[in-house]
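Work through the exercises below with the sequence and the structure at hand. Each task is followed by a solution in steps.

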Amino acid sequence: MTPETISSPARTGSDTIARILAAAEALFAEHGFDAASMSAIAERAGVSKANIFHHFSSKNALYRAVLRHAIREVTRQLKHMSSHSGAVSADLAQFARGHLSSILEHDQFARLMLREILSDMPQERLKIAQQVFGENFSELVTILRRGQESGELRADVDPAMVAIMLVGADVFFFQANKVFRHFPEVNFADDPALYSHQAVDILLRGILTPAAVKTPTRAGNSGTPSSAQHKE
């Protein structure tokens with residue numbers, strides 16, 4: 001027997017967990033949380049149901065692990081961004097690409113999550129989703145604050161709003177690209193990297209030209225209602 005054919009207990013356990021997570025993600029996505037039984041997950045993973053409960057204390061614990069597994073690359077990316085002192089703008093561009101890639105890679109499960117969030121998700125599962133996604137969101141907000149403190153990003157902008165816009169742009173692409181790919185003006189529907197680049201560029205630099213930013217807006221041409229309009 002060659003060294004390559006010998007499986008250590010740790011390696012075997014790791015492989016088993018990977019199979020369980022893959023099976024659970026697929027069945028949760030196909031049938032929903034409630035309809036995906038632990039027996040079916042065990043059968044798909046090629047393990048016993050007792051083996052699943054050896055690694056995960058409950059179905060909710062397995063659900064939490066599947067969520068963490070699905071966003072593991074985004075989590076790793078955010079940890080890396082937090083651990084170095086590079087330009088935040090470059091990090092945000094990389095994050096947007098990685099986040100969208102993660103959603104597209106786990107598209108069936110992402111659709112399940114969106115359906116559950118928009119419906120009456122049970123409180124316990126909602127708390128799990130809030131915890132898992134909230135950790136990454138807080139990490140992203142912290143990175144944005146670092147950019148504000150260094151003077152790279154505007155200090156008068158709410159970093160949570162910027163984080164929501166970044167994440168929201170990716171979620172919108174995932175949900176709507178099958179529709180706007182038929183718009184003749186859209187050239188990025190089949191190019192997620194181009195979409196992410198343009199979205200981050202607009203978010204960071206805006207759509208006003210430098211001259212327009214420096215030129216005070218006349219009250220009569222402003223999009224803000226005038227005092228006369230308020231009186232009406």
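**Exercise 1.** Classify R111 by its accessibility in this predicted model, then describe its salt bridge with D107.

Solution. 
- Step 1. R111 has a relative accessible area of 28%. Buried requires under 20% and exposed over 50%, so R111 counts as partly exposed.
- Step 2. Between the side chains of R111 and D107, the N to O distance is 3.6 Å. A salt bridge needs these atoms within 4 Å, so the pair qualifies.
- Step 3. R111 and D107 lie in helix α7 (residues 107-118), four residues apart, which means a separation of about one helical turn.

**Exercise 2.** Describe the salt bridge of D201 and R205, and state where the two residues lie.

Solution. 
- Step 1. The side chains of D201 and R205 meet at 2.8 Å, N to O.
- Step 2. Helix α10 (residues 192-205) holds D201 and R205; they are four residues apart, so about one helical turn separates them.
- Step 3. D201, at 27% relative accessibility, is partly exposed, whereas R205, at 65%, is exposed.

**Exercise 3.** Is E25 buried or exposed, and which residues does E25 touch?

Solution. 
- Step 1. E25 is located in helix α1 (residues 9-31).
- Step 2. E25 is buried and has no salt bridge. The nearest side chain of opposite charge is that of R72, 5.9 Å away.
- Step 3. A polar contact of 2.6 Å joins the side chain of E25 to the side chain of H106.
- Step 4. Leaving out residues up to four places away in sequence, E25 touches V66, H69, H106 and F109.

**Exercise 4.** Describe the ring pairs that involve F188 with F180 and with Y195.

Solution. 
- Step 1. The whole structure holds eight aromatic pairs. In the pair F180 and F188, the centres are 5.8 Å apart and the planes make an angle of 65°. An angle over 60 degrees counts as edge-to-face, so this pair is edge-to-face.
- Step 2. F188 also pairs with Y195, at 5.5 Å centre to centre and 50° between the planes, a tilted arrangement.
- Step 3. F180 and F188 are buried. The relative accessibility of F188 is 18%, and Y195, at 10%, is buried as well.
- Step 4. Ring pairs link F172, F173, F180, F188 and Y195 into a cluster.

**Exercise 5.** How many helices and strands does the protein chain have, and what percentage of its residues is buried?

Solution. 
- Step 1. The protein chain has twelve helices and zero strands.
- Step 2. Of its 232 residues, 34% are buried.
- Step 3. Among contacts with a separation of 6 or more, 66% come from residues 24 or more positions apart.
- Step 4. The accessible surface is about 14300 Å², and carbon and sulfur atoms account for 56% of this surface.

Notes. Residues numbered from 1 in each chain as written. Predicted model: local features only at pLDDT ≥ 70, side-chain atom pairs only at ≥ 80, totals over all residues. Heavy atoms only, no water. Buried < 20%, exposed > 50% of the residue type's maximum accessible area, 1.4 Å probe, protein only. Lys, Arg positive; Asp, Glu negative; His and termini not counted. Polar contact = N/O pair within 3.5 Å; in protein donor to acceptor, adjacent residues only side chain to side chain. Contact = heavy atoms within 4.5 Å. Areas by Shrake-Rupley, 256 points an atom, 1.4 Å probe, with all protein chains shown as cover. Phe/Tyr/Trp six-rings, centres within 6.5 Å; stacked < 30°, edge-to-face > 60°.
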